[in-house]
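This report looks at charged residues and the pairings of their side chains, and at the surroundings of selected positions. Please keep the sequence and the model at hand while reading.

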Amino acid sequence: MTSHPEPSDNAHDAGTRLHGEYKVPGGKLVVVDLEVRDGRFADVSLSGDFFLEPDEALQDINHALTGLPEASTAAEISTAVTGGLPDGATLFGFSADAVAITVRRALSKATSWSDHQWDVIPPSVLPTQVNVALDEVLTEEVGAGLRNPTLRFWDWEEPSVVIGSFQSVKNEVDPEGVARHGITVVRRISGGGAMFMEAGNCITYSLYLPQTLVDGISFADSYAFLDAWVMAALEKLGITAFYVPLNDIATDQGKIGGAAQKRLANGGMLHHVTMSYDIDADKMVDVLRIGKEKLSDKGTRSAKKRVDPLRRQTGMARSAIIQAMQEVFSERYGAVESRLTEAELEEARKRVDSKFGTGEWLNRVP
């Protein structure tokens, strides 16, 4: 179903000119043209609208790339570029890592957004356990090439806490608060922190993508890279948002969300974000154990002050914000509306029974 070039370890034909481009988020365009001869880079030409001093450093980069094995990893390419630069060289608007990504794209071992046909699944109300199970099912499908890379918006009815894959249940959740408020507690496959989710109080989405899209991009940088469209959507709504490393999304008024990721062995990847729309902060701190240590580097004693909901910042309905996000994503990446298949829903329900709804999974980190 996918339309992107599949990464290959096969050698490229000698004499074939390869071309790669990469727009650095917040930076400049990097372009590489090269050939592969006898399994090594040849006739390398770097270009772009970046700035580089001294002028001769451009040829130094070309020389550093020339002769590298075609099978070089992004890290090896980046190291070669850095090692080939003269002392005091200044790269503005790009980096050695950006050059590596561009080279990998030229080799079709890394892909760009435009190499894929993207689908968008609008919100549909499902049990939280099914939403979590779908993250695993759809990530596997994208990795196996059985589904186009997809953006899916969640919806749910029952109040829930979704904890990260490596979190301790007893350390994150207050059992008395959970019982008092009728909270469903679920563990997801991605890392990161706990999410307090009541119907209508969050905007949650999952991106299912091939790992080729983030080839050469560091784990930390991949968060902002995959959410650049979200920042554009929020900007359209009058909100200037930014990433607080590693995975928090914030404005100058406070944190509005957080992201988590999971990479599968079959090449699929999950990038998952929850943003607060109209959170009940009193109930949140009654249900979650948010300790002093977690808050120690946040500049605040109060967990309530850490979250500043989108409703207050925009004055817009949750559905309108989701619609704006979907429109920006579709416009940027040519995405088309899709839906969950009955087979996918059935598989997710099976995994609720066998995994996500079991005490064994929930308490795997007690």
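A salt bridge is here a side-chain nitrogen of Lys or Arg within 4 Å of a carboxyl oxygen of Asp or Glu. The coordinates discussed below belong to a predicted model.

## Salt-bridge network

By this criterion the structure holds 16 salt bridges. Glu136, Glu140, Glu347, Arg351 and Lys355 are joined to one another in a network of such bridges.

## Buried pairs

The side chains of Glu344 and Arg147 form a salt bridge with an N to O distance of 2.9 Å. Because Glu344 belongs to helix H13 (residues 342-356) while Arg147 is placed in the loop between H4 and E7, the pair ties together parts that are 197 residues apart in sequence. Both Glu344 and Arg147 are buried.

A salt bridge also brings together the side chains of Arg152 and Asp135, at 3.3 Å from N to O. This pair links distant parts of the chain, with Arg152 in strand E7 (residues 150-153) and Asp135 in helix H4 (residues 128-143), 17 residues apart. Arg152 and Asp135 are both buried.

Arg17 and Asp43 meet through their side chains in a salt bridge of 3.2 Å, N to O. Here too the pair links distant parts of the chain, since Arg17 is in the segment before strand E1 (18-23) and Asp43 is in strand E3 (residues 40-48), 26 residues apart.

## Surroundings of Glu172

Glu172 is located in helix H5 (residues 169-172), and its relative accessible area of 16% makes this residue buried. The side chain of Glu172 makes a polar contact of 3.1 Å with the side chain of Gln167. When neighbours within four places in sequence are left aside, Glu172 is in contact with Ile163, Gln167, Ala194, Val287, Leu288 and Arg289.

## Position of Lys109

The C-alpha atom of Lys109 is separated by 9.7 Å from that of Thr73, although the two residues are 36 residues apart along the chain.

Key. Residues numbered from 1 in each chain as written. Predicted model: local features only at pLDDT ≥ 70, side-chain atom pairs only at ≥ 80, totals over all residues. Heavy atoms only, no water. Helix = DSSP H or I, 4+ residues; strand = E, 2+ residues; numbered from the N terminus. Buried < 20%, exposed > 50% of the residue type's maximum accessible area, 1.4 Å probe, protein only. Polar contact = N/O pair within 3.5 Å; in protein donor to acceptor, adjacent residues only side chain to side chain. Contact = heavy atoms within 4.5 Å.
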